Amino acid sequence: MDSTIAILAILDGLSYAALVFLVSVGLSLIFGVLRVVNVAHGSLYAYGAYMAATISLLVAPISPWLTFPALLIAALIIGVFVGGLLETFLLRPVYGREEVLQLLITFAVFMIMDNLQRLIWGVQPIFAAEPVRLLPNVSLLGVTYTSYQVILLPLVALGTLIGLRYFLRHTLSGAVILAVTEDREAATAIGINARNVFLITFIIGATLAALGGALASPTTSLVPGMGTDMIVLSFAVAATAGLGQIEGAAVTALMIGLARAFVIYIQPELEVLVPYLIMVIVLLVRPMGLFGVNKVRKI
Amino acid sequence: MGALLGAAGLMAGPAFAQDKPKEVKVGIATFLSGPASVFGVPAKAAAEMIAEEINKKGGIGGVPVTLSFIDEGAGGEALVSNFRRLVQDEKVDVTFSAISSGSCQQLAPLAEDLKMMNFMWDCGAASILEAKKYRYNFRSQANATPEMLAVLIYLLKTKPDFKTIAVVNQDYAWGRESWEIFSTALKQMKPDVKIVAELFPKFGAPDYSTEISRLMALRPDVVLTTSWGGDLDTLVRQAGQRGLLRQSTFVLGIGETSLQRLGKDLPEGLIVGARGDHWFLHPEMKNDPAFKAFNEAFRAKTGAWPIYSVYHMQQAFSALQGAYEKAIKTNGGKWPTREQVVDAASGLEFKGWGRPITMRAEDNQGLEAQLVGVTKADPAHNFMVLDNMMLFEPKSITTPPGQKSVDWLKTLPADFYKMNVPTFKHGG
Amino acid sequence: MARLSNLHRVLIAIAIAASIIVPALLPSWTTLVTLILAKGIVVLGIIILLQAGQVSFGHAMFFGLGAYSVAFWGKYLGTGDLLLYIVIAPVVATLVGALVGVFVVRYREIFFGMLNLAFSMVLWSLLEKLYHFTNGADGIRVARPTIAGMAFPPETFQYLLLYITLALALVASFAVQRYLDSPLGHMLKAIKTNETRLEYLGVSARKVLLIGYIISAFLGGLGGALVTVAQQIATPEFAFWTKSGEFVFIAILGGTANAAGAFAGAAMFEIVRFLAAAKLANAWQLILGVVLIVIIMFAPSGLIGLLKRGAASEGKR
């Protein structure tokens, strides 16, 4: 392989990894605190995308630059309202119950949201590319990239990573969330209100999923079923990294993004296989994930 | 015991109903969910509109038509179960199924088992009717072979000098098979062309950035894609955003359905196929008042001009009407049995909203003309229209009966594409 | 205890009667009932693992293996015999199950679930991408096999397939119920309640779980073969994660306490989907999702639990 291709593949991998990171870090965060695998996470991604497109198409005639805040607003609307409602009315009643029931509640939510999405936004592909058009293209080695994809997306992902780190390490709410992630019993014993922590965490996680979708919306067609693949991909990233691992999710997303990009250049037929192959290999060697701490068996 | 009971139940139903029935029941399999609903939902709207129109005019042979729909998107189990329900419980008289070649592969043998006349109204895999001789299954349109050949010949006629080509197709039967047809024929007619990349991203892939980077680095003269729906929209838009559409000549094998959605994002000069001679500004039809009225009515109902799946639906209804009318005539004006209708459908000539179509008797394959053109801006529309349209006669570009497409394509002479094909200007 | 087994007897009688009468009256339901029974067999495997408190998010892997064993046999060796298929498919699934099982039984809970998911997604990607062997996303058509060397016309075949599936479902549920009531079955349940004690007693929890896992793989392969023959097609979707979710869904819907739940759940799931796809094509997922939430919130032991509760309150009166 020559160096040109390597550089191109790194750029492609980077922008892909940025989106995957945003979605999977939300999933990871939710699992870390609530111990729930949120199967509806991909639906939140899809709703974030659809909501962003809806708002963008509304505000674009006023000023195309308004589509940038629209992406953020869409993510917040979906994260806070849909995420908040899900946690309060569907997850809260089953916290004490078996894990499989909690998981299945989110599976049911996934089916319902998938169906509602068709009823709300229809089946025809929707496209709202304004934000990509506004930013200039950049050229490298004769290949044109949109700066939206190779500059903005990685920057947002990096910002999210730094922001999350700061929030968790340097704010009180963050410290509380971390405490619950590390040891739920002890945290509740010292009087931490788990109910609020769960709600806040779920909303943050849901907002991140929706933000991933909102940021993806200018580059892709919004179609029924778009969330289905995202769930399992972000799940692969979160599990490979170690559930609950923020930085780990970033590194793993980057690893999977780069591997995927290189594979498309060298042996495109293997593209779909790559993330899952990495997942199997990593989990066989380190079931707690690359960055997870060893809590695999609780005997 | 149950077997006997069940078999008896099967026999009792349809066979001798020669009195005029109260209704002709049509069961239609189409996508109401999933990505392919971009074809299925407009086609359903069309079916309702067409049935209403037929009934307004007194129905088929004086009998009104009623419709039942089943969703191809609900998965294989539900599709097969519901097909049986339509045939065995609702006792439909004919089925139109389906859009996806996968569904057709699944339902055609079942229809044959159940002795149910079935029009494969939209699916394109040539192999279905080439692998087996069916009595009850017909195709009321062309198949992938003439559809791709027309696009290839158009490319060879209009851009004879290209040296390299890349393909980006969806990874499923249509994407693979259409490329097999295209590349096999290409090797016959222009063996010196180099294929620089064969990319088959997953069906429904949300992002083609890496594929596009690779294509930009490879700089092929031509990029072929037979993708459709959201996949095509994403690919073309991402390619457009990064200038790839101007760097290489893009050939959108079945791009006709995406033109209205893609709007002004498309540049001029892209080669676009239509899976038949389907175009709401069909050069030979556009002044036909009935055609115009149909298009306007469809637009009023759905907000968009008809796409090929809408015209395919019309063809299935035209074929049905034609078969019944022919059977009634042969039967001396009396209502025909189902078997007589099936006999009548064989070799039937009928007309949809394009040139006349024949379902040839040897293999029940429809012979349908093909329309290919290039994109051109027209101030009257907020999307690209087709210009320099070529209309291909079906006979010469359809695999002869009894042969397999891939074998036949390998016998094509190098100058095959030099055939005479009339060209029509937009608005001309 | 006596009442329970009475209830079971009644349920079994109802199931057999329904499987025979319904298709006789409504021929189009024949395949549907076959599919319900075949999926019920797969879900039995899920129920076994749930006894040990383990949820596999990748069980569709064995379902897919069973399906593709049949499909590959048909594609490369010519149409086989149904009796051959229902041996080959579970054997393949069992072998792979033993291999994968050795790795996954080392883990519990979420880690167990994830590793299973990872394996099943690898299988799914291979089925999807190795187009030239597997036909990719479109899957492989499966011709109607002979039965004991005899070819049957389609109508007769679908009834024979139904009765064979019914017989296999009955045998499988009795065997699974037997297994769960045996010492091995109790040890399996001990993994959920107190694994440490199991180890203190000198029993290898891994071995116990591995046996359960292999049995569940066997059942997955058998069910996959039957569904494929009934549907006449095998597609990569059979091994996709949503399929795994569906099986767990059905198990919870029916109730995980015993074998009968698998079939009650499968019947509910398939019938709702079938009727909704027919009458409310736009909303079948919505309806199933709501049903599931209602069941989880208000009837935690599933449909069979509801029946039992009903039977118990009858008895009190």
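The legends below describe close-up views of a predicted model.

**View 1. The interface between chain C and chain A.** In this predicted model, 48 residues of chain C are in contact with 49 residues of chain A. The area buried between chain C and chain A comes to about 4,200 Å², and carbon and sulfur atoms give 77% of that area.

**View 2. Polar and charged pairing across the interface of chain C and chain A.** Six residue pairs are found in polar contact across this interface, with both residues of each pair at pLDDT 80 or more, whereas the count of salt bridges between chain C and chain A is zero.

**View 3. The side of chain C that touches chain A.** The elements that give two or more residues to this side are α5 (109-129), α8 (183-200), α10 (241-254) and α12 (284-298) of chain C. Of these, α5(C) gives the most, with 14 residues on the side that touches chain A. Sorted by class, this side of chain C has 32 nonpolar residues, together with seven polar and nine charged ones.

**View 4. An open sheet in chain B.** Three strands of chain B, in the order β11-β12-β13, form an open sheet in which the pairing is antiparallel. Its edge strands are β11 (349-350) and β13 (366-367) of chain B, each of which pairs on one side only.

**View 5. The pairing of β11 with β12 in chain B.** Here β11(B) pairs with β12(B), the strand of residues 357-359, in the antiparallel sense and over two bridges.

Technical notes. Residues are numbered from 1 along each chain as its sequence is written. Chains are lettered from A and ligands numbered from 1 in the order in which they are written. This is a predicted model: local features need pLDDT of at least 70, side-chain atom pairs count only at pLDDT 80 or more; totals for chains, interfaces and linings use all residues. Side-chain values use heavy atoms; hydrogens and water are left out. Contact means heavy atoms within 4.5 Å. Buried area is the accessible area (1.4 Å probe) that two parts lose on being put together, summed over both. A salt bridge is a side-chain nitrogen of Lys or Arg within 4 Å of a carboxyl oxygen of Asp or Glu. A polar contact is a pair of N or O atoms within 3.5 Å; within protein, one must be able to donate a hydrogen and the other to accept it, and residues adjacent in sequence count only if both atoms are side-chain atoms. Helices (H or I, at least four residues) and strands (E, at least two) are DSSP runs, numbered from the N terminus. Ala, Val, Leu, Ile, Met, Phe, Trp, Tyr, Cys and Pro count as nonpolar, Asp, Glu, Lys and Arg as charged, and the others, Gly among them, as polar. Two strands pair if DSSP finds at least two bridges between them.
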